[in-house]
Amino acid sequence: MTLRVRRRTALPAALLALAMGLAGCSQAASQLEGHNAVEQGNAQPAVSPPAAEPDDGEVVEVDGEVVALVAAGDRVAVQLADPARLLIGDVEGTDWTEDRTVELPADAGPATAGPDGAVVVPYADGVVVVPPTGDERRISGLGPVTAAALTDDGRLLTGTADGEVVVRDAEGAEQHRVRGLTSVDLLSVASDGSVTALSRPDTVIASVDLSEDTAGPLLRAGKGAGMVAPFAGDSVVASDTVGDALLVYSTDPVRLHQMFPVADAPWAVAEDASREVVWMTSTGTNTLQAYDLGDGFGSRRAEVATLRQPNSVVVTDSGTVVVGSAGGAGLHLLRPTLDEPEG
């Protein structure tokens with residue numbers, strides 16, 4: 001009798017377990033499908049909502065949309081579109097004084113910082129190198145250049161749309177090619193000399209050994225890496241624009257060290273050595289945040305309302321944070337204070 005009762009109750013229990021298992025599998029499959037449905041790679045800055053006035057600092061009007069910012073000491077180069085040009089000036093506190101204009105090709109890509117205060121700008125047929133003093137050099141005949149950087153020993157690095165990093169001498173003559181990427185959208189040279197490349201289509205960050213034939217290691221950078229900036233001499237920080245995260249990588253070789261959530265649609269990133277934080281803009285909220293990476297988890301130390309479409313940010317040696325608006329709202333210069341660390 002007891003045996004028959006046990007047999008009758010065991011069958012529904014087994015069916016219940018099976019049903020629960022199938023439901024769990026179905027739920028897991030649904031979650032996986034949802035995860036896979038999220039578009040990854042090909043990150044672009046999100047279109048910003050209308051914004052109020054910035055919380056603090058000074059707003060400087062410039063005639064055009066800011067494409068990129070480059071800081072060297074307390075000098076800042078502002079790259080503008082339509083017409084394409086660099087405005088170079090000095091920053092003192094929250095004041096910016098322009099003292100030089102450099103005309104650029106109409107199809108110029110975003111400028112990056114080179115050694116000793118130089119600025120390097122890629123364009124459809126080469127590179128423009130702007131030294132801190134003296135006349136700029138236009139190196140043409142290189143074919144379409146998607147990204148460019150200068151090494152400490154004077155070599156010129158150029159990227160191609162089909163994923164090659166071309167190593168050149170100071171005059172632009174080709175010396176070597178490093179292959180293996182889908183695209184080269186950004187090149188970063190750390191102070192220790194290590195080179196990192198970003199490929200946005202497949203959201204990959206890669207080490208680039210200039211003596212090798214193939215780039216690597218290659219790491220998937222979140223769901224959609226947008227920008228990369230040098231950090232702490234031997235690392236880079238990257239914005240995961242699709243995944244709303246800040247990523248921290250060592251560069252020799254590239255290796256992920258930290259990843260944590262940030263505000264909606266992060267884009268520009270910059271190290272603030274004077275405060276030992278990383279500043280990141282959010283084009284989804286028109287805000288600027290400071291993150292302290294020292295505890296290994298990343299704590300937010302400041303959040304400031306800024307200009308609409310804050311697609312670029314740099315920090316001067318004296319600690320002025322400069323945000324550039326790609327929406328025509330100008331420059332935002334501020335010297336923010338940080339909140340005390342949590343805990």
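These legends walk you through several close-up views of the structure above. This is a predicted model, in which local features need pLDDT of at least 70, side-chain atom pairs count only at pLDDT 80 or more, and totals for chains, interfaces and linings use all residues. Residues are numbered from 1 along each chain as its sequence is written, and side-chain values use heavy atoms, with hydrogens and water left out.

View 1. Let's begin with strand β12, residues 165-168; strands here are DSSP runs (E, at least two residues), numbered from the N terminus. V165 and V167 point one way, V166 and R168 point the other way, and all are buried, meaning under 20% relative accessible area with a 1.4 Å probe and protein chains only. In a regular strand, side chains alternate between the two faces of the sheet.

**View 2. The neighbours of β12.** Strand β11 (residues 156-159) pairs with β12 in the antiparallel sense over 4 bridges; two strands pair if DSSP finds at least two bridges between them. Look for G159, which stands opposite V165 in β12. The hairpin of β11 and β12 has 5 residues between the strands, and G163 there takes a positive phi near 90°. β12 also pairs in the antiparallel sense with strand β13 (residues 174-178), over 4 bridges. In β13, H176 is the bridge partner of V167. The hairpin of β12 and β13 has 5 residues between them, and G172 in the turn has a positive phi of about 100°.

**View 3. Two cis peptide bonds.** D82 and P83 are joined by a cis peptide bond, with omega about 0°. You can find P83 in the loop between β3 (75-81) and β4 (85-92). Another cis peptide bond joins D252 and P253, again with omega about 0°. P253 lies in the loop between β20 (245-251) and β21 (254-261).

View 4. A232, a residue other than glycine, has a positive phi near 55°. Its place is in the loop between β18 (225-231) and β19 (235-240). A232 is partly exposed, at 44% relative accessible area; partly exposed lies between the buried limit of 20% and the exposed limit of 50%. N286, also a residue other than glycine, has a positive phi near 55°. Find N286 in the loop between β23 (277-282) and β24 (287-292). Is N286 buried or exposed? At 4% relative accessibility, N286 counts as buried.
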